[in-house]
Amino acid sequence: MASAKLNSLSSQWIANNPFSSRRGGSSSSLSSTRNVSLPIRASYSDELVQTAKSVASRGRGILAIDESNATAGKRLASIGLDNTEVNRQAYRQLLLTTPGLGEYISGAIFFEETLYQSTTDGKKFVDCLREENIVPGIKVDKGLVPLPGSNNESWCQGLDGLASRSAEYYKQGARFAKWRTVVSIPSGPSALAVKEAA
């Protein structure tokens, strides 16, 4: 079971904020450990274990190529290219067809557009990764939006429709997912923002 080490300031902040779902009202429950068992369909359990072992394989890392179209556009603009799907596809193809990529990369996180793209020769990007023993993954959050009633903070959207999108991503070849959100330290973080992030 993973655990986080908190410094005294973090512990003090947590103890003074009412957002946690402590049982029994004691702050000591934060440091207690509890085994949690989540049901996994038997048909996926072996695949889940194999995916985790592959992604965590020694000496290799995860390539985050999950830039939104807007962020990819900034990269393209820096070299004088328009933000078009063709240019984004060419940029991604350059990365994903690098010879020997699998020696250093164990998993690659895709943006939704990338998951459905292919090389100019028609080979799916997912298949390019599989040939290099790289596990395809997918970014499933839908980005940040302002959080009403907070200290000028944001929350991450995307829970609506997540189950059906995940099923489609799996059919397309994704085998793990990434969800990212932001907690603003300078603005608080407010108890509301921490609760929404959790």
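Let me begin with Thr 97, which is found in the loop between α4 and β2, the latter spanning 105-110, where helices (H or I, at least four residues) and strands (E, at least two) are DSSP runs numbered from the N terminus. This is a predicted model, in which local features need pLDDT of at least 70 and side-chain atom pairs count only at pLDDT 80 or more, whereas totals for chains, interfaces and linings use all residues. Residues are numbered from 1 along each chain as its sequence is written, and side-chain values use heavy atoms, with hydrogens and water left out.

Staying with Thr 97, its relative accessibility is 38%, so it counts as partly exposed; the scale here is that buried means under 20% relative accessible area, exposed over 50%, and partly exposed in between, with a 1.4 Å probe and protein chains only. The side chain of Thr 97 reaches the backbone oxygen of Gln 93 at 2.6 Å. I treat that under the heading of polar contacts, meaning pairs of N or O atoms within 3.5 Å, where within protein one must be able to donate a hydrogen and the other to accept it, and residues adjacent in sequence count only if both atoms are side-chain atoms. If we leave aside neighbours within four places in sequence, Thr 97 is in contact with Thr 119 and Cys 128, contact meaning heavy atoms within 4.5 Å. From C-alpha to C-alpha, Thr 97 is 8.2 Å in space from Leu 129, although 32 residues separate the two in sequence.

How do α3 and α4 pack? The angle between α3 (residues 69-77) and α4 (residues 85-96) is about 80°, and their axes are 10 Å apart, where axes are lines fitted to C-alpha atoms, for helices over the stretch in contact, and angles run from 0 to 180 degrees between N-to-C directions. The two helices are therefore roughly perpendicular to each other, the class that covers 65 to 115 degrees, as against under 35 for roughly parallel, over 145 for roughly antiparallel, and oblique for the rest. On the α3 side the residues that meet α4 are Asn 69, Ala 72, Arg 75 and Leu 76, and their partners in α4 are Asn 87, Arg 88, Tyr 91 and Arg 92.

Is Glu 113 buried or exposed? Its relative accessibility is 16%, and therefore Glu 113 counts as buried.

Polar atoms of the Ser 150 side chain lie 2.7 Å from the backbone oxygen of Leu 147 and 3.1 Å from the backbone nitrogen of Glu 153. Beyond its neighbours within four places in sequence, Ser 150 is in contact with Ser 190 and Leu 192.

For the chain as a whole, there are eight helices and six strands, and buried residues make up 30% of the 198 residues.

Finally, confidence: the mean pLDDT of the chain is 82, and 79% of its residues reach 70 or more, pLDDT being the predictor's confidence in each residue, from 0 to 100. Over residues 1-15 pLDDT stays under 50, and over residues 17-32 pLDDT also stays under 50. Where pLDDT is low, the predicted coordinates should not be read in detail.
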